Structure formats: structure tokens, C-alpha cells
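Please walk through this chain from its overall fold to a few local details. The sequence and the model come next.

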Amino acid sequence: VHMIATFLKKNMPGFQQAIVSDTAHIVGVRYTRWIDAGFDLTQKHVVEGAKFDDVVGVRASSIRHPKGGVVYLPKSFDIPYRIMLPRNVENIIISSGKSVSTTPRGLLRGQVACYILGQASGVAAAVAAKKNWTSHDLNIRVVQKDLLKQNVYLGTQERLVELGLI
């Protein structure tokens, strides 16, 4: 902390009289909280383009390049609703990509995944409330149909037929 304060005082206009008044008592950890849903979405699912009956969104498959960056594969994978539900806890739907049930942790932490998870959790919560269902016992097809009405991509026409959505 002292080194950072010294650097800022020396190099940043307006910091010449700055002081450090407080710091965190421990070093932060990037991933600290996540749920156990009893099922994890894995990197293997992403790479192989896994399909799930409880799909609430679709993402482009990608892998990290060993020299840095991301390589997008010519396929996509389904994000399943079940990874958003903490095991043995009713009526909580997790929509943070850092906190859903994945291996490795944070597999869905990017902005697009968070949009998908947020919209899916909002629709699922609204459906559950309207129908007086719990988060675990709701009819996923009702949620999926509402997501489709909101132009959420859940797969090709063929896939939607396979799921019984059209």
C-alpha cells in the first residue's frame, strides 16, 4: 500500500497531499461465493456444445488460447436453468455468472452470460410467482416460452421443435 501511495503522490496530479487512511484487513479473493446446484456446467460442456432440456440461453463456445485471448469455436452451448438453483433452498434463483454452479468457477462470469442469466432468473421468478410454483418445481417450458416471446435465443427451429416449444 505504501508503494502505491508513493507512486500516486509522485506521478498523479492532485495526489501530492494524499494519505492512506485505511486498507482492507485481508487480501481479496476473486471467487468467494458460489452455489452448489448438484450439477455443474463444465468447460467440457462449453467446448463440446452441450445441449440441455432446461436451456434458458445460448452462448458461443470458446476456449482460452494458451498465448492469451479467447478462441471462439464454430458451435454454441446451452446454459441450463438448473445451475441457477441452490440445492435444498427454495425460491432463490442465482443470476450472477460468478456464483452459478460451474466448474471452473466463474465459467459464465462475462457480461453476455450475465445478461442471459439475469433475464432468465427474472422470467423464472415472475412465472413462479404468477403460477404459485417454487423455483425448483416450475414448468421450464412455460419459462422458455416466455423467454422466446422476449426474443431470447434458445436454439435453431429444429432445436425448438425438439424441445416442444414450437
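In which strand does Ala60 lie? Ala60 lies in strand 2, where helices (H or I, at least four residues) and strands (E, at least two) are DSSP runs, numbered from the N terminus. Ala60 counts as partly exposed because its relative accessible area is 36%; buried means under 20% relative accessible area, exposed over 50%, and partly exposed in between, with a 1.4 Å probe and protein chains only.

Some ground rules apply to what follows. This is a predicted model in which local features need pLDDT of at least 70 and side-chain atom pairs count only at pLDDT 80 or more, while totals for chains, interfaces and linings use all residues. Residues are numbered from 1 along each chain as its sequence is written, and side-chain values use heavy atoms, with hydrogens and water left out.

The protein has five helices and four strands. Read from the N terminus, its elements follow the order α-β-α-β-β-β-α-α-α. The C-alpha trace spans about 65 × 40 × 30 Å along the principal axes. The radius of gyration is 21 Å, whereas a compact globule of 166 residues would have one near 15 Å; this radius is taken over C-alpha atoms, and the globule rule is 2.2 Å times the number of residues to the power 0.38. Of the 166 residues, 35% are buried.

Next comes the aromatic pairing. A pair of aromatic rings is described by the distance of the centres and the angle of the planes. There is one aromatic pair in the structure. The partners are Phe39 and Phe52, in an edge-to-face arrangement with 5.7 Å centre to centre and 80 degrees between the planes. Rings of Phe, Tyr and Trp (its six-membered ring) pair if their centres lie within 6.5 Å; planes under 30 degrees apart count as stacked, over 60 as edge-to-face and the rest as tilted. The pair links distant parts of the chain, 13 residues apart: Phe39 is in the loop between helix 1 (2-11) and strand 1 (41-42), and Phe52 is in the loop between helix 2 (43-48) and strand 2 (55-64). Phe52 is buried because its relative accessibility is 8%, whereas Phe39, at 22%, is partly exposed. Phe39 also has Arg82 over its face, 4.6 Å from the ring centre; a charge sits over a ring if NZ of Lys or CZ of Arg is within 6 Å of the ring centre and within 35 degrees of the ring normal.

The loop between helix 2 and strand 2 also holds Ala50. Ala50 is buried because its relative accessibility is 15%. Ala50 and Leu138 are 88 residues apart in sequence, with 23 Å from C-alpha to C-alpha.

What space is left open? Rolling a probe the size of a water molecule over the atoms shows where empty space is left. The largest pocket holds about 470 Å³ of space. On a 1 Å grid over the protein atoms alone, a pocket is an open set of points where a 1.4 Å probe fits, with protein on both sides within 12 Å along at least five of seven lines; lining residues have an atom within 4 Å of a point. Grid points are joined across faces, edges and corners, and a volume is the space filled by probe spheres set on the points. The lining has 21 residues, and Ser62, Arg64, Gly106, Leu107 and Leu108 are the closest to the pocket centre. Helix 2, strand 2, strand 3 (70-80) and helix 3 (111-131) each give two or more residues to this lining, and strand 2 gives the largest share, five residues.

Most residues other than glycine have a negative phi, and most peptide bonds are trans. The bond from Thr103 to Pro104 is cis, with omega near 5 degrees, and Pro104 lies in the loop between strand 4 (102-103) and helix 3. Asn132 has a positive phi, near 60 degrees, and sits in the loop between helix 3 and helix 4 (140-149).
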